[in-house]
Amino acid sequence: MRVLLCDLLRGMKKTMPRPGKNGLLPVLLWLAASAATQSAPITFNTALPVAKSEFVFRQQFIVNQSGHDPGTAGRDRTAWSAMSVLGYGITGKLALFGVLPYVNKSLGITVDGKRIERQGDGLGDISLFARYTALQKDGPGRTLRIAPFAGFKAATGRHDSSDDLGRLPASVQPGSGSWDAFGGIVTTYQTLDYEIDAQLGYRGNGSAQGFSAGNQLRLDASLQYRLWPGTLTGAVPGFLYCVLESSLLLQEKNHVNDRVDVNSGGIRWFLTPGLQYVTRRWVLETALQIPVVQDLNGTALENAYLVRAGFRYNF
Amino acid sequence: MRKTTVLPIFLIFILTLASAHAGENVYTLQVDGLACPFCSYGIEKQLRSLQGVADIEVDINEGSVKVTMQQSASLDEKQARQAVQDAGFTLRSFARHEEDDAAPR
């Protein structure tokens, strides 16, 4: 953790992000899993509201584009994923969530002047987590909640897919092959006019086939401000929110066969503007994640952008 | 003989009408923490699961939930408090009034 914090301080001193190479896999895994494990905000799931004996279903479609390869390989990576999240309220305070991604990843690379594309798709790793609302302060038209959460990601996705060229690189496999544990705390302050959510999370990654992704620390924040209706008159109208989210991701270096991969890990900071239309049964949402700082170790491939769009439904 | 038969029937009719009218109980719950449309569904669902509930109207701006009960059914404050809590909110106040009282004048 101290290493991560030092990396953060070091990263903040730099104004120009550095491109990288081998830190791609853990970041991609994390981005896939973090979308899975976190989001009422658009980019994390832990603040999703769900009442006792009620289900909430969220479906998000995510495009994750990476590129700007400074090397001669001209790497270009695109990952499409359909992230399904199902939450259930066991009590008014305790909720369980499951996340299942379906992914399609492609990696373009130039070898000896010839363009090659590797592609993998299928169900990814499933994540399960629980959230308990430890503190709740309600007032007229407002609420404050603080809730710890904890869970794990199971190695359910395929991680040995291959194509005509042989076994696919790990960055294109639908699953990671590792079991990972994660936990953290999420807080929500909501009024009729706006909502603020913040999350601090830590993920300890397991290993599979000699590879262990670096552990990760993330700090997320989300502001949702009601644009429409300007004035509330009665009943339960639909709300249109403008959204601004911030995601700070810090990752330790990976280990390959018990050796540190110096070209992995680092810091990423995204700002995410978005829109949400919220009714009593369903929500439509979309957002664009823009990398502001990418201070990566070695030569990892940077994110270009992420686009998210989807819906939620209560039942 | 005829007079003594008609009178009880008339009384029963009047009493039935009266009880039917009085049975339309309406309750107003003031709920703290209710701050978005998506959250209001949870409270509706919890209250609808209670026996005898005929209709629910949520006013998110006022933080109020109007619960109309079926004829001769009543809503217990303890039940209402539990339903609101299960939905993830806090019941601030509970008031019962008859339909005529709730109608605008």
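## Basis of the model

Residues are numbered from 1 along each chain as its sequence is written, and chains are lettered from A, with ligands numbered from 1, in the order in which they are written. In this predicted model, local features need pLDDT of at least 70 and side-chain atom pairs count only at pLDDT 80 or more, while totals for chains, interfaces and linings use all residues.

## Chain A overall

Chain A holds 2 helices and 20 strands; helices (H or I, at least four residues) and strands (E, at least two) are DSSP runs, numbered from the N terminus. Chain A has 315 residues, of which 47% count as buried. A residue is buried if 20 or more other C-beta atoms lie within 10 Å of its own, exposed if 12 or fewer, and partly exposed in between, with C-beta atoms placed from the backbone.

## Leu123(A) in strand β4

Strand β4 of chain A (residues 114-123) includes Leu123(A). Leu123(A) is partly exposed because it has 15 C-beta neighbours inside 10 Å. Not counting residues up to four places away in sequence, Leu123(A) touches Leu100(A), Tyr102(A), Gly157(A) and Pro174(A); two residues are in contact if their C-beta atoms, placed from the backbone, lie within 7 Å. Leu100(A) is 23 residues from Leu123(A) in sequence, and the C-alpha to C-alpha distance is 7.4 Å.

## Loops of chain A

Two non-glycine residues of chain A are described here for their phi angles. Ser53(A) has a positive phi of about 60° and sits in the loop between α2 (24-37) and β1 (55-67) of chain A. Ser53(A) counts as partly exposed because 16 other C-beta atoms lie within 10 Å. Asp112(A) has a positive phi of about 55° and belongs to the loop between β3 (94-111) and β4 of chain A. With 5 C-beta neighbours inside 10 Å, Asp112(A) is therefore exposed.

A cis peptide bond, with omega near 0°, runs from Trp228(A) to Pro229(A). Pro229(A) is placed in the loop between β14 (216-228) and β15 (239-251) of chain A.

## Contact between the chains

Chain A brings 28 residues to the contact and chain B brings 23 residues. On the side of chain B that touches chain A, α2 (37-48), β2 (53-59) and α3 (77-86) of chain B each supply at least two residues. The most comes from α2(B), with 8 residues. This side of chain B divides into 10 nonpolar, 9 polar and 4 charged residues. Here Ala, Val, Leu, Ile, Met, Phe, Trp, Tyr, Cys and Pro count as nonpolar, Asp, Glu, Lys and Arg as charged, and the others, Gly among them, as polar.

## Nonpolar cores

A nonpolar core is a set of buried Ala, Val, Leu, Ile, Met, Phe, Trp, Tyr and Cys residues joined through C-beta atoms within 7 Å. The largest has 50 residues, and those with the most contacts inside it are Leu29(B), Val31(B), Leu34(B), Ile43(B), Val65(B), Val67(B) and Val84(B). The element that gives the most to this core is α2(B), with 5 residues.

Beyond its neighbours within four places in sequence, Leu34(B) contacts Cys39(B), Ser40(B), Ile43(B), Ile60(B), Gly63(B) and Phe89(B). A second, separate core has 6 residues, including Leu217(A), Leu250(A), Ile267(A) and Trp269(A).

## Helix α3 of chain B

Ala80(B), Ala83(B), Val84(B) and Asp86(B) are buried in α3(B). The buried residues of α3(B) line one face of the helix because, seen down its axis, they fall within an arc of 160°, taken from the directions from the helix axis to the C-beta atoms.
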